[in-house]
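The sequence and structure come first.

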Amino acid sequence: MSSADLKQTDEHWMRHALALADRAQREFDEIPVGAVLVGGEGAVLGEGWNLNIASHDPSAHAEIVAMRAAGKALGNHRLIGSTLYVTLEPCAMCAMAMVHARVARVVFAAADPKTGACGSVFDLVADPRHNHRVQVHGGVLAQEASLRLTNYFRAKRGRPLLTPDDL
């Protein structure tokens, strides 16, 4: 796949993940993070959004929800050859779940300067001590994802929402 085709594919699936993030906020009042896991052949294997507040489950991050759905659909805990698209850089829990599941690639939108574990604070997925490393590509539609996240927290605090021009 050419770099132009890969860019187009990444943006397509990130828009799908952003729609899932919108659903998290709209339907569950969750932090707007969405994730979609796509197989090597280009089919959706699983998708999800943050559900940790609604489900009272600290592990129900969008990435985990998507990987659980994919594992059930495939009947396998190994998600070999897949790409996980997520609107926020995965945390340590999600990063290590990707390593254990053998996800081939993670593509994220917004970096997480507080808990990001795919290059921002930690780089767990590339640690050579693991028996699997996940390729990382960050920053795909980052401004759109950042604006959703920022406005979610601004609304919670009763502050005025920002526009794309404010970022």
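Which residues does Met98 touch, not counting residues up to four places away in sequence?

## Basis

This is a predicted model, in which local features need pLDDT of at least 70 and side-chain atom pairs count only at pLDDT 80 or more, while totals for chains, interfaces and linings use all residues. Residues are numbered from 1 along each chain as its sequence is written, and side-chain values use heavy atoms, with hydrogens and water left out.

## Core

Met98 touches Met67, Leu84, Pro90, Val103, Val106, Cys118, Val125, His132 and Val134; a contact means heavy atoms within 4.5 Å.

The largest nonpolar core has 45 residues, and Met14, Leu84, Met98 and Val103 have the most contacts inside it. Such a core is a set of buried Ala, Val, Leu, Ile, Met, Phe, Trp, Tyr and Cys residues joined through side-chain atoms within 4.5 Å. Elements that each supply at least two residues of this core include α1 (3-28), β3 (83-88) and α4 (142-156).

## Fold

The protein chain has four helices and five strands, in the order α-β-β-α-β-α-β-β-α from the N terminus. Helices (H or I, at least four residues) and strands (E, at least two) are DSSP runs.

Along its principal axes, the C-alpha trace spans about 45 × 40 × 30 Å.

## Burial and charge

Buried residues (under 20% relative accessible area, 1.4 Å probe, protein chains only) make up 43% of the 167 residues.

There are 17 positive and 18 negative side chains in the protein chain, with Lys and Arg counted as positive, Asp and Glu as negative, and His and the chain ends not counted.

Technical notes
Buried < 20%, exposed > 50% of the residue type's maximum accessible area, 1.4 Å probe, protein only. Charge placed at Lys NZ, Arg CZ, Asp CG, Glu CD.
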